[in-house]
Amino acid sequence: MIVSPSILSANFGYLAKDIEIVDKSEAGYVHIDVMDGVFVPNITFAFPIMKAVKEVTDKPLDVHLMIVEPQNFIKEVKKCGGDIMTVHYEACTHLHRVIQQIKAEGMKAGVAINPATPVAMLTEVINDLDVVCVMSVNPGFAAQKFIGNAVNKVKELKMLIEQKGAHALIEVDGGINAETGRLVAEAGADIVVAGNYVFSDSDPKSAISRLHSL
Ligand code: DX5
Ligand code: ZN
């Protein structure tokens, strides 16, 4: 299992320390939760933090944009070190175009779907995607309760990918711990995002290893 620790739950007073822990861990990516206070009822961080993280680790940045008009920030995400740029289906009127623009900028293209958004909404773009992020919480906050229906959506997404011969990786984001991580791994997930489970542990490195071994 690829693990993408969400720095939303890191200790921002000593961010470099937490990033160094992730850098030395079995994590595959670093998950950056960008929130604009419009698409979601919360505001977090973006480009200065991305640059700071990039100073500390070479691990790919898995950038999750919970913002409106994400197409306006493709160049900036790339410039600040983004490797995977994930936009929300619900925020993009012209999703097909945004995916092409992200890939033209040299990043991997991801689309996230909220709990109320059916997997089938991605049918027309699934073959263009590198990552599909199935939200297992309503976006906006860390440490929320896992929404069980995400397991069914992972299974459905896995079938769609196989039917269409697509290469997209399945990422699950929100409320992931050893138990929910196992459920989504069995359902076919390739990547789990975890914030609270990792950074609330006295030993984040071992928490990451437990998820990595799923
Ligand atoms: C929520 C974010 C998630 C969240 C994960 O809107 O997209 O990445 O930070 O945090 P946990 O693992 O604490 O649910
Ligand atoms: Zn996220």
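Which hand does the crossing of H1 and H2 have, left-handed or right-handed? The tour below begins with that pair of helices.

This is a predicted model, in which local features need pLDDT of at least 70, side-chain atom pairs count only at pLDDT 80 or more, and totals for chains, interfaces and linings use all residues. Residues are numbered from 1 along each chain as its sequence is written, chains are lettered from A and ligands numbered from 1 in the order in which they are written, and side-chain values use heavy atoms, with hydrogens and water left out.

**First stop: H1 and H2**

Select residues 15-23, helix H1, and residues 47-56, helix H2. Helices here are DSSP runs (H or I, at least four residues), numbered from the N terminus. The two axes come within 9 Å and cross at roughly 50°; axes are lines fitted to C-alpha atoms over the stretch in contact, and angles run from 0 to 180 degrees between N-to-C directions. H1 and H2 are therefore oblique to each other. Angles under 35 degrees count as roughly parallel, over 145 as roughly antiparallel, 65 to 115 as roughly perpendicular and the rest as oblique. The crossing of H1 and H2 is right-handed, that is, the near helix is turned clockwise from the far one by less than a right angle.

Next, display Leu15, Ala16, Ile19, Glu20 and Asp23 of H1 with Ile49, Val53 and Val56 of H2, which form the contact (heavy atoms within 4.5 Å).

**Second stop: H5 and H6**

Move to H5 (residues 149-164) and H6 (residues 178-187), whose axes come within 8 Å and cross at roughly 25°. H5 is therefore roughly parallel to H6. Their crossing is right-handed. Val151, Val154, Lys155 and Lys158 of H5 meet Leu183, Val184 and Ala187 of H6.

Finally, select ligand 1, which 20 residues surround (a heavy atom within 4 Å). The closest are Asp33, Gly140, Asp173, Gly175 and Gly195. Polar contacts are pairs of N or O atoms within 3.5 Å. A side-chain N or O atom of His31 is 3.3 Å from an oxygen atom of the ligand, and one of His64 is 3.1 Å from an oxygen atom of the ligand.

Notes: Helix = DSSP H or I, 4+ residues; strand = E, 2+ residues; numbered from the N terminus. Polar contact = N/O pair within 3.5 Å; in protein donor to acceptor, adjacent residues only side chain to side chain.
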